[in-house]
Amino acid sequence: MTKTPTDEMLVAYLDGELEAGGRAEIEIAITTKAEVSARFDALKRSSLPYAESFAPLLERAPQQQMEAMLAAIPSPQTTVRPARSISRRGLIVAALGCLVAGIALDRAFIAVQDLASSRSADEEADWRGEVAEYLALYTPETLRNMTIEESKRTAQLQHASQRLGLQLDPFAMSLGGLEMRRTQVLEYDGKPLGQIMYLDPQHGPVALCIIASTAGSKKMRTEQRSGLNLVYWSSDTHAFVMAARNPIADLHARAEEIRYELADRNQV
Amino acid sequence: MLTFSRIYGRHHSIGAKRRKGSHILRQSGEAPIASEQDIRAGLSQYLARLWRYGVMLSHHRDTADDLVQATCVRALERSGQFAVGSRLDHWLFAILHSIWLNEVRARRVREGQGFVEANETLTFDGAAETETHILAVQVMNHVHALPEAQRSAVFLCYVEGLSYREVADVLQIPVGTVMSRLAAARARIAEATSEPNTSAFTTRGKAR
């Protein structure tokens, strides 16, 4: 044979994917052509212990939590409503309701996190756009079934306060009559990101996102993105964004309330 | 992990009953599967491998959590579509990959967010910096540095031990494309690898 084997053929040979005839051709080419032999040796350097290297990652998988997650997925065939006690105590229904939103929110939080490091106005506008885009995926169903005991929600707030280094408890439990539904602290690369969710019966979810930021204090501004109204500001220590479908004036008033409470309780 | 309390909610005891039949799956990856109950049992067996694939694709543990959950939901919804006698793990990989491609990655790309480095995502907290560990991280970094299309082919073929045909089925691409992705990936890794002596290792994940 006279054809010089391609990288594809050489790699397929290395991977044992060639039939006997193909293998023989490659072997002849390697032994008779110096450039093929050199290329083969070069490609062979990529034969690394892939499976062994990735094996420890399996042990890092959150096995127990995933099993619990799987157990919590109701059977799609039997659309029986979960027992009351379960739905009260868990976030299961909501978790299913906001599956995609949950993923999306992760992205949103990455975006929020970027706030901490971003300096230019353009960049900040970018991340707010991203936040809005993903918060827009939140639906009232995401939160509707989420009736967590008050003690749990208090504990969530306390935890968030601690992680964010910001006094949130207990005033953030309600926002101008809207009851807090859930507070979460997510972590990205070790950095805490807080999200407090409220549900407005008329307008749907209201989100307050908080992250530590030393970019400096900025006054409150409003804008519209992805069909959501946004109010954003920052203190010397944290950056905030509120997003909801509430009218901008309403949202602004709520943001003012929160900012006042935060400033009042977090005096340096 | 905090993400779980967020996404998955609390434990409850539905799990006790669902393991019926899972022993069948444990015996062989190719056991016939018909019911949602069996898919459920099989899923519990493959969670860690799905999660690892999710980490591979997304470079984020939290995203991997979400991908596994979404995969579980979708697999249970579509349990009737699973071809009896085929590989459940491969079917699940295909579902996870499609969710990543169509529902998650698109957003990320639009955001223009950078991926975190492999060693940030994957290093073993508190683990001794053994030679094996260092090598493992190097190998993972080589794979993580690849473009996504090559990365998933390399992972499925060399870590999970799938054949070219099987990789093509999971990724829904022609075998020729699998070949060119692997060749491009290997050329790239070969270039990045300065130590030729590492080639003594077995590349394939499993004996086939």
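In chain A, residues A:Asp7, A:Leu10, A:Val11 and A:Leu14 of helix H1 meet A:Arg39, A:Phe40, A:Leu43 and A:Lys44 of helix H3. Two residues are in contact here if their C-beta atoms, placed from the backbone, lie within 7 Å. The residues of this contact divide into five nonpolar, no polar and three charged. In that division Ala, Val, Leu, Ile, Met, Phe, Trp, Tyr, Cys and Pro count as nonpolar, Asp, Glu, Lys and Arg as charged, and the others, Gly among them, as polar.

This is a predicted model, in which local features need pLDDT of at least 70, side-chain atom pairs count only at pLDDT 80 or more, and totals for chains, interfaces and linings use all residues. Residues are numbered from 1 along each chain as its sequence is written, and chains are lettered from A and ligands numbered from 1 in the order in which they are written.

Helices (H or I, at least four residues) and strands (E, at least two) are DSSP runs, numbered from the N terminus. Axes are lines fitted to C-alpha atoms, for helices over the stretch in contact, and angles run from 0 to 180 degrees between N-to-C directions.

| Helix pair | Axes come within | Crossing angle |
|---|---|---|
| H1(A) (residues 7-14) and H3(A) (residues 34-44) | 10 Å | roughly 60° |
| H9(B) (residues 164-171) and H10(B) (residues 175-192) | 8 Å | roughly 105° |

The axes of H1(A) and H3(A) cross at roughly 60°. That angle makes H1(A) oblique to H3(A), since angles under 35 degrees count as roughly parallel, over 145 as roughly antiparallel, 65 to 115 as roughly perpendicular and the rest as oblique. The crossing of H1(A) and H3(A) is right-handed; a crossing is left-handed if the near helix is turned anticlockwise from the far one by less than a right angle, and right-handed if clockwise.

In chain B, H9(B) and H10(B) are roughly perpendicular to each other. On the H9(B) side, B:Tyr164, B:Arg165, B:Val167 and B:Ala168 meet B:Val175, B:Val178 and B:Met179 of H10(B). The residues of this contact divide into six nonpolar, no polar and one charged.

Strand E6(A) (residues 228-234) has seven of its seven residues buried, so it is largely enclosed by the rest of the structure. A residue is buried if 20 or more other C-beta atoms lie within 10 Å of its own, exposed if 12 or fewer, and partly exposed in between, with C-beta atoms placed from the backbone. One side of E6(A) carries A:Leu228, A:Leu230, A:Tyr232 and A:Ser234, the other A:Asn229, A:Val231 and A:Trp233, and both faces are covered.

Two strands pair if DSSP finds at least two bridges between them. Strand E5(A) (residues 218-225) is joined to E6(A) by six bridges, and the two run antiparallel. Along this pairing A:Gln224 stands opposite A:Asn229, and A:Arg221 stands opposite A:Tyr232. E5(A) and E6(A) form a hairpin with two residues between them, and A:Ser226 in the turn has a positive phi of about 50°.

Six bridges also join E6(A) to E7(A), again in an antiparallel arrangement. Here A:Ser234 stands opposite A:Ala239, and the hairpin formed by E6(A) and E7(A) has three residues between the strands. A:Ala243 lies in E7(A), which spans residues 238-244. A:Ala243 counts as buried because it has 26 C-beta neighbours inside 10 Å. Its C-alpha atom is separated by 8.5 Å from that of A:Pro205, 38 residues apart along the chain.

**Covered helices**

Helix H5(A) (residues 63-72) has seven of its ten residues buried, so it is largely enclosed by the rest of the structure. Those buried are A:Gln65, A:Met66, A:Ala68, A:Met69, A:Leu70, A:Ala71 and A:Ala72.

Helix H8(B) (residues 148-159) is mostly covered, with nine of its twelve residues buried. Among them are B:Gln150, B:Phe155, B:Cys157 and B:Tyr158. B:Gly161, which follows H8(B), has a positive phi near 75°.

**Chain B overall**

Chain B has ten helices and zero strands. Of its 208 residues, 47% count as buried. Among contacts in chain B between residues at least 6 apart in sequence, 59% join residues at least 24 apart.
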